[in-house]
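Good morning. I will go through one structure today, starting with its ligand and then moving out along the chain. Please have a look at it first.

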Amino acid sequence: MKNLTSPKFVKEIIKKHGFYFSKGLGQNFLIDSNILDKILEGANLNPEDGVLEIGPGIGTMTQALSRRVEKVIAIEIDKNLLPILKETLEDCPNIEIVYGDILKLPLEEILNDHFNNKRIKVVANLPYYITTPIIMNLLEKELPIESITIMVQKEVAERMYASPGGKDYGALSVAVQFYSNPSIITNVPPTVFMPPPNVGSTIIRLDVLEQPKVEVNDRRLFFSIVAAAFGKRRKTLLNALSTGNLGLEKEFIKKVLNNIGISEKRRGETLSLEEFARISNNIK
Ligand code: SAM
């Protein structure tokens, strides 16, 4: 079995295939077996699991996953990595590499074809330039996913995990916590990647809920209210909701907030998911 976390091996294989790292595609490959173990342990894997990996790179995590679970589907956008993956993963029969863009491929179909709609686990060292769209795409589509264990930029993990009132709490916190329970596994320094990124990283697991955390009558309205509340962070709730895209009358919002016992002077960043839901459900 090839040691894919060895920096010497990584250098040799990319040289052999004439591969160059693409900064634009967020290519920072893992070269530390301890951190690899932490991601896998954090993902709580079982031998009967199906796993979706996003961006296998040269196959470091893919190879390790293949030894622990039943089947791995790995989606990679960079054609130049395909011959490398063929070589590094030649001894792993339970892996399938799908070539394409994670944001454009028909994920529902892929998961159905490969896992027969069984709930799967996502495990990935994500390309940082599209972290938020990838996560929101996985969550909003309500795919059959049990958990998402990912390496992301430290600041993004802090935003996903944040509670009301703090500086990191925002629309991303609400959206992620609407669909899942996040837990931080560990922080990771840039030195465990080749090449090292210029930001710190964090491994975070999102345990996807069977039902969203709060009940809302109109999901679009709920997220429009959240966007409006955080779009004007310094404004009071009344001002944030009565200006901009939402287009609601000031008097109407005053009445709604008053009826449900939420002060119009509060700022959006102090509201819990339950409070956002209460506002939304009393507007419509
Ligand atoms: N998993 C490998 C590891 O840990 O060493 C590589 C991780 S690297 C941070 C991110 C990977 O995502 C790269 O292989 C990159 O080519 C791939 N990638 C970037 N954008 C992508 C996209 N839109 N769809 C699928 N893969 C993508």
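Before the contacts, one term: a polar contact here is a pair of N or O atoms within 3.5 Å. Keep in mind also that this is a predicted model.

With that cut-off in hand, take Tyr-129. An N or O atom in the side chain of Tyr-129 is 2.8 Å from a nitrogen atom of the ligand, so the pair counts as a polar contact, being within 3.5 Å. How much of the ligand does the protein bury? On its own the ligand exposes 600 Å², and 99% of that is buried by the protein.

Two further contacts can be listed. At Gln-27 the side chain takes part, with an N or O atom 2.9 Å from an oxygen atom of the ligand.

Where does the ligand sit? The ligand is in the largest cavity. Two elements give two or more residues each to the shell around the ligand, namely β1 (29-30) and β3 (71-76).

Now the shell itself. There are 23 residues around the ligand, and those that come nearest are Gly-55, Glu-76, Asp-101, Asn-125 and Tyr-129. By type, the shell residues divide into 12 nonpolar, 7 polar and 4 charged.

Next, the chain as a whole. Its secondary structure comes to 12 helices and 9 strands. The C-alpha trace spans about 70 × 40 × 30 Å along its principal axes. The chain has 284 residues, and buried residues make up 52% of them.

Gln-63 belongs to helix α3, residues 60-68. Why is Gln-63 classed as buried? Its relative accessible area is 5%, and the class takes in anything under 20%. A polar atom of the Gln-63 side chain lies 3.0 Å from the backbone oxygen of Lys-2.

Asn-116 is in the loop between α5 (107-115) and β5 (120-125). Its phi is near 55°, a positive value in a residue other than glycine. Asn-116 is exposed, with a relative accessible area of 66%. Glu-142 is in the loop between α6 (131-140) and β6 (145-153). Phi of Glu-142 is also positive, near 50°, and Glu-142 is again not a glycine. At 46% relative accessibility, Glu-142 counts as partly exposed.

Pro-195 is in the loop between β8 (193-194) and β9 (201-208).

Last, Tyr-161. Tyr-161 is in helix α7, residues 154-161. Its relative accessibility is 45%, so Tyr-161 counts as partly exposed. Along the chain, Tyr-161 and Ser-183 are 22 residues apart, while their C-alpha atoms are separated by 7.1 Å.

To return to the ligand before I stop: it sits in the largest cavity, and Tyr-129 is one of the residues that come nearest to it. That is what I have for today.

Methods: Residues numbered from 1 in each chain as written. Predicted model: local features only at pLDDT ≥ 70, side-chain atom pairs only at ≥ 80, totals over all residues. Heavy atoms only, no water. Near = heavy atom within 4 Å. Polar contact = N/O pair within 3.5 Å; in protein donor to acceptor, adjacent residues only side chain to side chain. Areas by Shrake-Rupley, 256 points an atom, 1.4 Å probe, with all protein chains shown as cover. 1 Å grid on protein atoms, 1.4 Å probe; cavity = no way out; pocket = protein on both sides within 12 Å on 5 of 7 lines; lining within 4 Å. Sits in = over half its atoms within 2 Å of the grid points. Helix = DSSP H or I, 4+ residues; strand = E, 2+ residues; numbered from the N terminus. Nonpolar A, V, L, I, M, F, W, Y, C, P; charged D, E, K, R; others polar. Buried < 20%, exposed > 50% of the residue type's maximum accessible area, 1.4 Å probe, protein only.
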